[in-house]
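I opened my notebook to look up strand pairing and salt bridges. Here is what I wrote down as I went.

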Amino acid sequence: MSFSAQKATPIEVSSEALDKIVNLKTNEGAKFFRVYVTGGGCSGFQYGFKFDEYDEDEDTKLDFDQNVTILLDELSYPYILGSKVDYVENLMGAKFVIDNPNAKTTCGCGASFSIWKLHLCWHRLNKQKHKPP
């Protein structure tokens, strides 16, 4: 009898998303793929994806198959916790999407979402971290 276990991570990434990240990473020449949340969008928050050469001190580094490392910053982490990152191609286009069990509402295209309980925390943390000069 044999057992195998995978390392638990705060997010899941589909094989389609990993394949696309590897493909794009080669063209971009970047070390990391960053998944983040910003204020905005029609539902209050929106997801963002970008390649990054450097990780910050407050980033969480998550290692996946195919030598893919995803970065989550400390403000985005609680919003994305438990989510699944996927890559889809359909009549609406090709894009990375997030299936977020924490989202209470989402917009029609899935690019933005709202989470009522964390909304106040985001603004408090964001104001502390990004104080005007």
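Which residue in strand 5 is the bridge partner of Leu-62? I found Ile-70 there.

**Ground rules.** I am working with a predicted model, in which local features need pLDDT of at least 70 and side-chain atom pairs count only at pLDDT 80 or more, while totals for chains, interfaces and linings use all residues. Residues are numbered from 1 along each chain as its sequence is written, and side-chain values use heavy atoms, with hydrogens and water left out.

Entry: I looked at strand 4 (residues 60-64) and strand 5 (residues 68-72), which pair in the antiparallel sense over five bridges. My strands and helices are DSSP runs numbered from the N terminus (helices H or I, at least four residues; strands E, at least two), and two strands pair if DSSP finds at least two bridges between them. Strand 4 and strand 5 form a hairpin with three residues between them. In the turn, I noted that Gln-66 has a positive phi of about 65°.

Entry: Next I traced three strands that form an open sheet in the order 1-6-7, with mixed pairing. Strand 1 (12-13) and strand 7 (93-99) are the edge strands, each pairing on one side only. Strand 1 pairs with strand 6 (residues 84-90) in the parallel sense over two bridges, and Val-13 stands opposite Val-85 in strand 6.

**Entry: salt bridges.** How many salt bridges did I get? The count comes to three, a salt bridge being a side-chain nitrogen of Lys or Arg within 4 Å of a carboxyl oxygen of Asp or Glu.

- Arg-34 and Asp-52 meet through their side chains at 2.8 Å, N to O. Arg-34 lies in strand 2 and Asp-52 in strand 3 (residues 45-52), so this pair ties together parts that are 18 residues apart in sequence.
- Asp-59 forms a salt bridge with Arg-34, the closest N and O atoms being 2.8 Å apart. Asp-59 sits in the loop between strand 3 and strand 4 and Arg-34 in strand 2, so the pair links parts 25 residues apart in sequence.
- Lys-61 and Asp-55 meet at 3.7 Å, N to O.

Shared partners join Arg-34, Asp-52 and Asp-59 into one network.

**Entry: buried or exposed?** I used under 20% relative accessible area for buried, over 50% for exposed and in between for partly exposed (1.4 Å probe, protein chains only). Arg-34 is buried at 7%, Asp-52 is buried at 17% and Asp-59 is buried at 11%. Lys-61 is partly exposed at 44%, and Asp-55 is partly exposed at 33%.
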